[in-house]
Amino acid sequence: MSTRLGIDQVPDNNTSSHTGEFRDMFMGKMNARFRPLLAGAALAMIAYAGSPALAGTPADTLVQAWAIDDTITLDPAESFELSPAEFLGNAYDMLVRLDIDDTTKVKGGVAESWTVSDDGLTYTFKLKPGLKFASGNPITAEDVAWSFERAVKLDKSPAFILTQFGLTKDNVTEKAKAADENTFVFTVDKSYAPSFVLNCLTATVGAVVDKKLVLEHVAPVTPSDDYKFDNDFGNAWMKTGYAGSGPFKIRDWRANEVLVMERNDNYYGEKAALARVIYRHVKESATQRLMLEAGDIDIARNLEPGDLEAVSKNADLATTSAPKGTVYYISLNQKNPNLSKPEVREAFKYLVDYDAIGSTLIKGVGEIRQTYQAKGVLGALEASPYKFDVAKAKELLEKAGLKDGFSVTFDVRNSQPVTGIAESFQQTAGEAGVKIEIIPGDGKQTLTKYRARNHDMYIGQWGMDYWDPNSNAETFTSNPNNADDGTVKTLAWRNAWDIPQLTEQTKAALLERDSAKRAEMYQKLQQEALDNSPFVMLFQQTEVAGVRGNVKNYKLGPNFDSNFLAPVTKE
Amino acid sequence: MSSTETQQTAGRAKRRAYAIAASVASFLVIVVTTYLGLLAVTFFIGRVVPIDPVLAIVGDRAPAHVMDRVREEMGLNLPYYQQFFIYVKGVLSGDFGTSVLTTNPVMTDIRRVFPATMELATVGTIIGVAFGIPLGVLAAVRRGSLADQVVRVIGLVGYSVPIFWLGLLGLLVFYARLGWTAGPGRIDVVFEYTFTPITGFYLLDAILNRDWAAFRDIFAHIILPAALLGYFSLAYISRMTRSFMLNELHQEYIVAARAKGLSERRIIWGHALRNAAVPLITVIALSYAGLLEGSVLTESVFAWPGLGLYITNSLQNADMNAVLGGTIVIGSVFIAINLLSDVLYRMLDPRTRAR
């Protein structure tokens, strides 16, 4: 059977080529760089536009457009992506929460107070009395203990945030347990800095789950070598289900389509002002902008610089932003003999045109930052000694014996702003004689290569796992085993930067119980990285949103689980 | 009827039965080989792309032991041929595996995204046919006239303008500026509480629910992206209609009909188009199948949760079960539509019918 049946009879047309053409149109042959150009041309048309017809969203509902396709589960024990962090942050409560007014501190969530024993091993939390889950079930210390137990036993991606305190599948019921209805006792294996322990407990993996409700939905599992339990702790149901106590409850989630949250009237604190929040999955920045201008959404979350600028000029709209805990960097693989020379590492830090990148490529979406800790985290070092200086870089290269420069490859994923930054660096480094060959690739593809240490240079970003300086210190300045078969693939390992001393210092900072001293230790580590590391730090990401004028009190937090929506109102 | 005639008829019937059986058998062989080839090629391409599928599930930040466990759970540590064997065995028992991105069974995902694409493609094709055929006929009848040139230009624009751009422009003009149509998405959020999908074809669901307000809203949402896709199939259909019609209009039977004094309208619509309709069926079927693959860019601009976006997204994350499942569905759609157009073709063409 021919797929072009009957077409042989066509007289004066080469049909097969037409069919091909026709198909091509739907295959999306357009290259990524061409698209923004076209989008820009299309948007130029709006210069004519009068006031668009206003559709408007319901007065008691906040409608947000956001690319939410990274959400794969709503189970706090498993979820480890950005958009679900925001859903869980609003729909669940933890023992302690990040204090957004001073992000180096925490404040009580369901815990009213806590004490740390003198040996630093035992944390005793007193719960606020009379709390209820959205289901109406009371919140007890038993729920907290079971939430820890299921996270550790399920052992999904974020579980290490709890297991790093010495919790194992065998001891978790002993180490995290309810002393009485209102007292939860958490025992850690070393005398860690209390700030470290408390910061980790603000992560969504520490969310308090409604044990009674989830137990109604557990599914049986056949135990195996990898998983020794006979049930799934409600993991399958929790993928789309909800068993929390936050100001909002999750009503419905359809992957890549929509997520609906409703006000939780059983919430103990100040109730949410709006009755519901709806997230619509919209990927294109231009589409989001059109919807925002038309009033079909209240908030647009993925606006690119061009659309952002237009939104900020529109009298009916406003923008809001907050620095987030994600930093971008260029890294130099130390397996490359040229890149491993200290002078070359330093020279490269002088070859980034920080000012140009800051004022164009990342305008509105990031801020130049040369230290690896995000602004606002405990012990973040404020220093930016490097300026774009070709002469200085040349001098350093000459010292390294590379007077005539050298050639090197650069793996870059094809998305903005990293492509633009890589091209800028290629050009500025060229001025000092360094010939850079950019190897473009898909995000997951370049990452796979990077994780196998097969790159020369790589441009990447790192988001904090939890709001504590250890998260970034552990990846940038710790490398327990630099061997090729090392299992802890920190960023230092990925770039073969062998640093036994710094690794020890990073470990020691974890055990420093005086917060001020601990902060100092992290600053020292950052200074060391600033001077010697193979990481050319570029900028810290800023999250921006376009907001309709009638939306009040919409504020982005320092991380996604603290983008709190309860105070938001509409006029 | 003489006995020799009866024998002849019986012999002819027998021969015909053999012929049918042979063609069914050869068809089945072709289908099975096509599927197996499709599976093998997609499977091995998926395994050689330099992307670690485990990364897509657990993320860059997961500890090593979690990655290893997931790799083992997915069977990715086995040799390729074993993985392929396990996969084909699953498919034969109706199990297409689980998408690593959504953690749903692939068929559950496809049942969710395919109706969205199919609804859009169907409305788009209806628009394409409704406008494409008359325009093509017009162009053929007035060959060389201004009307012909206009249709040609419309077709050329349809061929050559990138759909992403045209989609944004459409949104700007008809949604943002004029407010004639609704914006991106399938349905307005205000229906989130009242509208429950049944079949996944929202227009149909609204009718089944007798929810006319929702129907109006869904229609307002679908009309712009569907018109856009319709425009592209219009461009193709009108070109093909024109050339088929020109071919027919030069035939002798048209001259005969004219000589007989039939009205021009009757000649064009009753005779010429009827004959041109036979090959047109294939053209329309192919264009419909093309739309059913899902148009990634249209779906992206209009925030349409369809098959095109699903497969693209899966491919970028090396979510091969989802890609394979999607490929099989598209392959099946192609085969089914070819079969259907084949049947229609035979019904419409008196020569094949008589044989």
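The model is predicted: local features need pLDDT of at least 70, side-chain atom pairs count only at pLDDT 80 or more, and totals for chains, interfaces and linings use all residues. Residues are numbered from 1 along each chain as its sequence is written, while chains are lettered from A and ligands numbered from 1 in the order in which they are written.

Q: How are H19(A) and H20(A) oriented to each other?
A: Helices (H or I, at least four residues) and strands (E, at least two) are DSSP runs, numbered from the N terminus. Helix H19 (residues 500–510) and helix H20 (residues 515–532) of chain A have axes 9 Å apart and pack at an angle of about 160 degrees, where axes are lines fitted to C-alpha atoms, for helices over the stretch in contact, and angles run from 0 to 180 degrees between N-to-C directions. H19(A) and H20(A) are therefore roughly antiparallel.

Q: How many residues of the contact of H19(A) with H20(A) are charged?
A: H19(A) supplies A:Leu502, A:Gln505, A:Thr506, A:Ala508 and A:Ala509, and H20(A) supplies A:Arg518, A:Met521, A:Tyr522, A:Leu525 and A:Glu528; contact means C-beta atoms, placed from the backbone, within 7 Å. Ala, Val, Leu, Ile, Met, Phe, Trp, Tyr, Cys and Pro count as nonpolar, Asp, Glu, Lys and Arg as charged, and the others, Gly among them, as polar. On that basis this contact has six nonpolar residues, two polar and, as charged residues, two.

Q: Is the crossing of H7(B) and H9(B) left-handed or right-handed?
A: Helix H7 (residues 163–177) and helix H9 (residues 212–249) of chain B pack at about 135 degrees, with axes 10 Å apart, which makes H7(B) oblique to H9(B). A crossing is left-handed if the near helix is turned anticlockwise from the far one by less than a right angle, and right-handed if clockwise. The crossing of H7(B) and H9(B) is right-handed.

Q: How many residues of the contact of H7(B) with H9(B) are nonpolar?
A: B:Ile163, B:Leu166, B:Gly167, B:Gly170, B:Leu171, B:Phe174 and B:Tyr175 in H7(B) meet B:Leu224, B:Leu228 and B:Phe232 in H9(B). The contact holds no charged residues and two polar ones, and the nonpolar residues number eight.

Q: How is H5(B) oriented to H14(B)?
A: Helix H5 (residues 106–141) and helix H14 (residues 320–348) of chain B have axes that come within 10 Å and cross at roughly 55 degrees. That makes the relation of H5(B) to H14(B) oblique.

Q: Which helix gives the most to the side of domain 1 of chain B that touches domain 2 of chain B?
A: An automatic or database domain assignment sets the bounds, giving domain 1 (3–92) and domain 2 (106–354) in chain B. Twelve residues of domain 1 of chain B are in contact with nine of domain 2 of chain B. Helix H1 (3–48) and helix H2 (53–58) of chain B each supply at least two residues of the domain 1 side. With eight residues, the helix that gives the most is H1(B).

Q: How far apart are the end C-alpha atoms of residues 120–141 of chain B?
A: UniProt, in an unreviewed entry, places the feature "transmembrane region" at stretches of chain B including 120–141. Residues 120–141 of chain B are 100% helix and 0% strand, and their end C-alpha atoms are separated by 32 Å.

Key:
Parallel < 35°, antiparallel > 145°, perpendicular 65-115°, else oblique. Contact = placed C-beta atoms within 7 Å. UniProt positions renumbered as here; feature names shortened; annotations may be inferred.
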